[in-house]
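Here's a quick tour of how the inside of this protein is put together. Have a look at the model first, then read on.

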Amino acid sequence: MLFDQFEVRVDPGQFIRWPGGGGFQPVELLVNGRGLIDIVREVELPHALREYDERLAAGGSTAELGKRGALAGSYLYPNPGSVFLPSKNLLGEAYAHGFVTEPDDPLNRKSLLLQCTCGITDCWFLLATIIVSDDRVEWSDFCQFHRDWKYELGPFVFERRSYEAQLIAPDDAQLTSASPG
């Protein structure tokens with residue numbers, strides 16, 4: 001089987017600083033050499049354009065809606081605590097989103113891949129089902145928690161050993177986090 005390639009990248013130059021102080025170091029997730037945000041943006045763009053046009057037709061203003069299509073791929077990469085071991089987030093642990101859902105809702109079993117640009121993760125976030133087996137890790141069933149958009153994305157199947165090697169934090173990375181001010 002030909003596996004997809006998974007890589008994490010920490011660029012201290014991309015440290016997010018909040019206006020009131022603090023911030024965090026996002027950890028870029030790459031699939032087959034491409035940033036996950038770029039991949040997701042392409043898939044979300046038709047949905048974002050349609051939603052924008054519908055809201056505009058329903059009386060929304062361009063001042064309120066912002067730039068057409070801007071909602072697509074509007075994420076930050078997750079913080080180090082959601083990526084690197086001992087976190088189990090990228091090993092299939094369900095993300096505790098804090099919203100009231102039915103106990104059997106499939107959203108309750110998905111893992112966090114991307115978070116909101118405002119710094120409050122639950123504001124706007126992307127989830128996926130992550131299944132870990134003896135020799136592979138699979139990402140599938142992608143969803144935007146706050147939209148019922150259909151994602152023609154994946155599944156991505158990674159070789160488990162090389163995938164888990166990416167989840168070991170680099171010694172020289174600035175991996176601090178703080179809440180937005």
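## The open sheet

Two strands count as paired if DSSP finds at least two bridges between them. Keep in mind that this is a predicted model. By that pairing rule, β1, β4 and β5 line up in that order as an open sheet of 3 strands, with antiparallel pairing. β1 and β5 (34–35) sit at the edges with a single partner strand each, so one side of each has no neighbour in the sheet.

Zooming in, 4 bridges hold β1 and β4 together in the antiparallel sense. Along this pair, E7 faces L30 in β4.

## Around β7

Now for β7, where 5 of the 7 residues are buried, so the rest of the structure largely encloses this strand. What does β7 pair with? On one hand there's β6, antiparallel over 3 bridges, with L114 and L126 as bridge partners. There's also β8, again antiparallel, joined to β7 by 6 bridges; here L126 stands opposite Q144. A hairpin of 3 residues links β7 to β8.

## The nonpolar cores

The largest nonpolar core has 35 residues, and L29, L90, L113, W139 and Y163 have the most contacts inside it. Elements giving two or more residues to this core include β1 (6–9), β4 (28–31), β7 (126–132) and β8 (136–144). The largest share, 6 residues, comes from α1.

What does W139 touch? Leaving out residues up to four places away in sequence, its contacts include F6, L29, V31, L90, L113, I130, F158 and Y163. Apart from this core lies another one of 7 residues, with Y95, L112, L127 and F145 among them.

Terms used. Residues are numbered from 1 along each chain as its sequence is written. This is a predicted model: local features need pLDDT of at least 70, side-chain atom pairs count only at pLDDT 80 or more; totals for chains, interfaces and linings use all residues. Side-chain values use heavy atoms; hydrogens and water are left out. A nonpolar core is a set of buried Ala, Val, Leu, Ile, Met, Phe, Trp, Tyr and Cys residues joined through side-chain atoms within 4.5 Å. Buried means under 20% relative accessible area, exposed over 50%, partly exposed in between (1.4 Å probe, protein chains only). Contact means heavy atoms within 4.5 Å.
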